[in-house]
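Have the coordinates open as you read.

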Amino acid sequence: MVAIRHVTGYAAMGAAVLALTLAGCGSGGGGGGSGSSSSGTSTPQSSGSAQNAAKGSATSMLTTANVAKLGTVVTDGKGFVLYRFDADSANPTKVSCYSTCAALWPAATTTTNGSVTTKGIDKSLVSTVKRNDGSTQITLAGWPLYRYAKDDAPKEPYGQGVDGTWWAVTPSGAKITTPASTSSAPAPAGTSTGGGGY
């Protein structure tokens, strides 16, 4: 009888763990192209990947680089291309990329509370906005700035034009709508590069 109770207890505990695991994975697939599925998310996520995304891509500098087929784009201090998202807005500044979106598009954040140096960019266009997770995201001409997780080297614009909503940024904050180069980011075997907004 005691053995049966132990087995039943383990089975119940296993079912609870399985349910929590499935619940955590349920939001893993992309959302709609507008990003609206994540715009209402205001509470920080507790999973490791969401916590890493919440930290964003910290930089204390915005600079420019000449990228083939795109021209002059804004980059962070390490030379990674920065993007803006059509679902956001600049006036007033609105951030709508959180949760699953932020895992693929980490915010360009600063830990120096607005003290961002610029090179080749009008400093008066640079500001910051507080995200729902408490981090400070850099803005350019009011537009929140992001990195793309699949850009694994400086000056790679794999995020350019993704889902027709993500665009590399000019030094004035305008979006570049020129198509990216014909090469695309390498995708892991068995995955689709198509996508659902992010």
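What follows starts with the overall fold, then goes through the salt bridges, and ends with the strands around one of them.

## The big picture

First things first: this is a predicted model. The secondary structure comes to four helices and twelve strands. Of the 198 residues in the protein, 37% count as buried.

As for contacts with a separation of 6 or more, 68% come from residues 24 or more positions apart.

## Salt bridges, one by one

Some background before the list: side chains of opposite charge can pair when their charged atoms come close. How many salt bridges does the protein have? The count comes to three.

Let's take Asp76 and Arg147 to begin with. Their side chains meet in a salt bridge at 3.9 Å, N to O; with the cut-off being within 4 Å, the pair makes the list. This pair links distant parts of the chain, 71 residues apart: Asp76 sits in strand β3 (residues 71–76), while Arg147 is in the loop between β11 (143–144) and β12 (166–168). Are these two residues buried or exposed? Asp76 is buried, and Arg147 is buried too.

## The other two pairs

Next up is Asp86 with Lys175, whose side chains form a salt bridge at 3.2 Å, N to O. This pair also links distant parts of the chain, 89 residues apart, with Asp86 in the loop between β4 (83–85) and β5 (89–90) and Lys175 in the segment after β12. Asp86 has a relative accessible area of 29%, and Lys175 has 33%. Buried means under 20% and exposed means over 50%, so values in between count as partly exposed. That is why Asp86 is called partly exposed, and Lys175 gets that label as well.

Then there's Asp133 and Arg131, with their closest N and O atoms 3.7 Å apart in a salt bridge.

## Strands around Asp76

Back to β3, the strand that carries Asp76. Which way do β2 and β3 run relative to each other, parallel or antiparallel? They run antiparallel, and six bridges join β2 (residues 61–67) to β3. Thr64 stands opposite Val74 in β3, and Leu62 stands opposite Asp76. The two strands form a hairpin with three residues between them, and Lys69 in the turn has a positive phi of about 70°.

β2 has another partner too: two bridges join β2 to strand β8 (residues 117–118), and this pairing is parallel. Here Leu62 turns up again, standing opposite Thr118 in β8. So if you're looking at Leu62, you'll find Asp76 of β3 opposite it and Thr118 of β8 opposite it as well, by the strand-pairing bookkeeping.

Pro157 has a relative accessible area of 11%, so it counts as buried. Pro157 and Arg147 are ten residues apart in sequence, and their C-alpha atoms are 9.8 Å apart in space.

Technical notes. Residues numbered from 1 in each chain as written. Predicted model: local features only at pLDDT ≥ 70, side-chain atom pairs only at ≥ 80, totals over all residues. Heavy atoms only, no water. Buried < 20%, exposed > 50% of the residue type's maximum accessible area, 1.4 Å probe, protein only. Contact = heavy atoms within 4.5 Å.
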